[in-house]
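Thanks for making time. I have a few minutes on one structure, so let me put it up.

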Amino acid sequence: MASNRAEPGPSPSSGSGQQRGRPAGRPGCRPDAAAPPADERFGPLALVRSAKEDGRQLILYAHDDREA
Amino acid sequence: MGELRFDELRGEQVDYAIHRQDRTFLPTREHCPLCPTRPGGEPTEIPAASYELAVFDNRFPAFEAPNGAAEVVVYTDDHDASLGTLPARRAEDLMWVWRHRYRELGAREDVDYVYIFENRGVEVGVTLHHPHGQIYGYPFLPPVPARELEADARLGGCAPCGLLAREQRDGVRVVYENDAVVVYVPYAARWAYEAHVTLREHRPSLLECEPGELGGLAQALQRLQRGYDALFARRFPYVMAVHQAPTGGARRDGHLHVEFYPPLRTAEKLKYLAGSEQGAGTFISDTLPERSAAALREAIARAA
């Protein structure tokens with residue numbers, strides 16, 4: 001059956017997903033969604049991802065008017 | 001790890017997340033886990049001295065991988081702000097954060113429905129006052145969005161499109177509109193001051209919105225919240241529910257809209273879900289939507 005998944009995020013370039021609670025390659029999860037790059041842009045936002053000590057993901061978003 | 005049990009009598013899933021019993025409950029502002037981590041201060045969930053918007057995995061998740069997700073969305077590092085008082089650009093950025101999380105969580109095989117929501121006020125069970133919302137990634141399609149899809153089938157097309165056209169035709173329940181969205185108290189509102197914020201164009205989700213529509217949506221949400229607070233000159237509690245297309249099926253059915261369920265029926269009185277609502281599933285309301293809409297429309301104009 002065709003999937004209605006929202007389109008995946010940008011392809012990973014410098015993955016930091018391995019350090020998080022949702023590692024790349026977790027069964028049942030698309031690799032694109034699980035291994036994001038450490039520093040990204042999305043629309044007018046700049047994203048910085050990090051992992052907490054217990055593995056939970058934290059994403060900080062900041063407005064950035066510069067062109068991607 | 002939680003456990004899902006299926007209630008055969010109701011035909012609904014029930015989620016048991018017993019670890020949530022010990023979650024942080026109304027801490028003092030000095031111990032707010034969503035405030036920035038001040039230099040030399042107690043570490044919070046966000047290890048930064050300041051920030052704009054933050055998303056993190058809920059420490060006490062109702063759902064977690066590989067059976068869904070639960071995230072916290074923090075709107076600002078200002079403990080005393082609210083969605084309605086954010087700078088307009090920050091509110092618009094929040095729409096982009098929502099869009100980002102919808103895209104990323106919706107891409108996961110263990111998430112069938114991405115549900116963005118905000119509980120505001122102790123009246124609806126909020127446990128942290130710092131301005132924030134939440135996102136649940138359900139590993140199944142929950143009953144309310146499922147019923148909306150059933151309405152599409154029953155009405156022979158997109159139900160929100162049809163209902164929006166009716167509200168625009170009637171006009172009396174519309175409380176605010178801009179180029180992107182229309183805000184109205186629905187014809188069959190269950191809560192006295194229930195409001196729906198509906199995209200004019202048929203957009204299944206935030207992903208299909210033009211940037212200008214995200215700005216219009218943010219503006220409408222802010223105007224509505226400020227109007228709510230002006231209505232009874234008090235902080236107005238509500239549940240805000242963002243409804244979008246499911247991500248787990250084969251079709252992109254759905255029409256992005258945001259529903260507000262405020263429990264207040266007067267400045268001092270709450271609407272409780274009692275015998276008829278809980279036992280029979282039928283809301284009994286003592287306020288006509290047209291009358292509520294007139295008061296809310298005036299409050300929104302006053303709070304502009």
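This is a predicted model: local features need pLDDT of at least 70, side-chain atom pairs count only at pLDDT 80 or more; totals for chains, interfaces and linings use all residues.

First, the main core. Which residues touch the most other members of the largest nonpolar core? They are Trp98(B), Val197(B), Leu217(B), Leu221(B), Leu224(B), Tyr228(B) and Phe260(B), out of 63 residues in that core. Helix 4 of chain B, residues 211-231, supplies the largest share, with nine residues. Apart from this core lies another one, of 13 residues, which includes Tyr115(B), Phe140(B), Trp191(B) and Val239(B).

Now look at Phe260(B). Setting aside neighbours within four places in sequence, its contacts include Leu221(B), Leu224(B) and Tyr228(B). Glu194(B), Ala195(B) and Val197(B) are also in contact with Phe260(B), and so are Tyr238(B), Val239(B) and Met240(B).

Next, strand 9 of chain B, residues 195-199. Is this strand mostly covered or mostly open, and how many of its residues are buried? Mostly covered: five of its five residues are buried. On one side those are Ala195(B), Val197(B) and Leu199(B), and on the other His196(B) and Thr198(B), so both faces are covered.

Strand 9 of chain B also has pairing partners. Strand 8 of chain B, residues 181-184, runs antiparallel to strand 9 of chain B and is joined to it by four bridges. Strand 11 of chain B, residues 257-261, likewise pairs with strand 9 of chain B in the antiparallel sense, over four bridges. Val197(B) stands opposite Val183(B), and its bridge partner in strand 11 of chain B is Val258(B).

How values were computed
Residues are numbered from 1 along each chain as its sequence is written. Chains are lettered from A and ligands numbered from 1 in the order in which they are written. Side-chain values use heavy atoms; hydrogens and water are left out. A nonpolar core is a set of buried Ala, Val, Leu, Ile, Met, Phe, Trp, Tyr and Cys residues joined through side-chain atoms within 4.5 Å. Buried means under 20% relative accessible area, exposed over 50%, partly exposed in between (1.4 Å probe, protein chains only). Helices (H or I, at least four residues) and strands (E, at least two) are DSSP runs, numbered from the N terminus. Contact means heavy atoms within 4.5 Å. Two strands pair if DSSP finds at least two bridges between them.
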